[in-house]
Amino acid sequence: MPAPSIVRRVSHQPPRAVYRHRPLTRLWHWVNAVTIFVMIGSGLMILNAHPQLYWGEYGANFDHAWIRFDRFPGWITIPSTYNLALARRWHLFFALVLAFGLLIFLIGSLLNRHLLRDLAIRRGELSRRHLWADFRAHLAFRFHDPEAPRDYNSFQKLSYIAILFVALPLVILTGLTLSPGMNAASPWLLDLFGGRASARSIHFLAAAAITLFTVVHMVLVILAGPVNEVRSMITGWWRVPEDEQP
Amino acid sequence: MSRILTRRRVLAGMTVGAAGLVSGCDQLGESPTVRRLLFKGEDAQRWLQRGLTARNALAPEYRPDQRSPIFRSNGTARPDTPAYATHAASGFADWRLTIDGLVARPLSLSLAQIRSMPARTQITRHDCVEGWSAIGKWSGPRLSRLLDLAGLRDQARYLVFHCADRLGGRPYYESIDLVDAFHPQTILAWAMNDALLPVPNGAPLRLRVERQLGYKHAKYVERIEAVASLDGIAGGKGGLWEDMADYDWYAGI
């Protein structure tokens, strides 16, 4: 088993700047940054029209809701004042961008080997020792392996895999399940999620997970050096921080 | 500067940033160009659904024990015109359904005639645009049967449902195209959950168009008009909510 990789060593000199993000990754990232923001804001406005969630095939005012919200405030909803129709216009337009964007990104990333090269979990990366070392490195605000600064760390890989292959597909499929037209065309979606009211609840939970990911992602970008991180997502080139160079 | 302060600033900055972006979206949402683009989403969704799915696919039907214990009503609970009050007082004995416009044989049917026609009974889910759903049982003749009786002319493209209720002083109306008009589950329901249709749910007649959201299911229907285009009707967008609030005309999503 390989030793925990995040250790300080004074061996070879890593390059000062590494090419980290391919054009497809960068393009999708920024399209998605806008899309996720619009989807969260407009989704919360849509939820404001009936801020209660249920389990099962149906759910309305006289049925048992597992959660009831107050209205979400205007600073986080799109539009900021109550307008269900316009929120749906935003949501259903960007839903297409989200779904087809993910499809194109996943196919492209399979072809350009991004998924296998950067996201595949390698032997030993999920060992308790490795995860613990990664965790301690995070607490010390060290996010890169000085020996291989281009590589994603284990938590990065796990969260990207969870977002790409669980949360985003789930939010898209549960969203489709809310469409009465799609229910007629693909009733298996209803069976898969246990009914429309359940699909609506899962849609919310998946969106909440994506929101959490986005917030943590932005905090980590800021902690890791926002200028360098954002620049690398624009140009592709990421500078290896001085303190992580041996 | 301490790290805590920085972090606090970061979070505050993100909150202010989100609020700034939201207000930016508000301004974009007012721009005619952006609205035109956003509203294309409806066309794209309709095009995809109609293109990729079977046109006569049936909406899911449920077992009697899967029905909502209470089927709530929405929108108008009781039309407030004297004419409707008179009809309701007499048990809708004199209510007539007119079918006209681009038809070969305009019809004026009594409720007795409609109730004596072969009825389709279906237990389906009603999905409100707001997000709630309720399951109920509906009975009534298929709309296609009424249209066959009247004889649609070739130019007819849409059916407009004129209703007895008003919203914001304007008469409620809705419209569907021929794909949904001739769909086997599209019925004019006069019964709900084995009883005559209650007033809050649209007595004496309501449209059921099961693959679309609730606001398309016109209640208190008194006239069905076959038209070639929706342009000349009221606000021209095919329905009262579409005219008043820019709801999607295609509400299959």
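This is a predicted model: local features need pLDDT of at least 70, side-chain atom pairs count only at pLDDT 80 or more; totals for chains, interfaces and linings use all residues.
1. Residues are numbered from 1 along each chain as its sequence is written, and chains are lettered from A and ligands numbered from 1 in the order in which they are written.

2. Back to Phe141(A): this residue has a positive phi of about 60 degrees although it is not a glycine. You will find Phe141(A) in the loop between helix H4 (128-139) and helix H5 (154-177) of chain A. Helices here are DSSP runs (H or I, at least four residues), as are strands (E, at least two), numbered from the N terminus.

3. Asp246(B), not a glycine either, shows a positive phi of about 65 degrees. Asp246(B) sits in the segment after helix H7 (240-245) of chain B and is partly exposed, with 19 other C-beta atoms within 10 Å. As background, most residues other than glycine have a negative phi, and most peptide bonds are trans.

4. Two prolines deserve a glance as well. The bond from Ile78(A) to Pro79(A) is cis, with omega near -10 degrees, and Pro79(A) belongs to the loop between strand S3 (67-68) and helix H2 (84-111) of chain A. Ala203(B) and Pro204(B) are likewise joined by a cis peptide bond, with omega about 0 degrees; Pro204(B) is in the loop between strand S9 (195-196) and strand S10 (206-208) of chain B.

5. Now the interface. Counting residues as in contact if their C-beta atoms, placed from the backbone, lie within 7 Å, 46 residues of chain B are in contact with 44 residues of chain A. On the chain B side, at least two residues each come from helix H1 (3-30), helix H2 (32-52), strand S3 (120-127) and strand S4 (133-140). H1(B) gives the largest share of that side, ten residues.

Methods. A residue is buried if 20 or more other C-beta atoms lie within 10 Å of its own, exposed if 12 or fewer, and partly exposed in between; C-beta atoms are placed from the backbone. Two residues are in contact if their C-beta atoms, placed from the backbone, lie within 7 Å.
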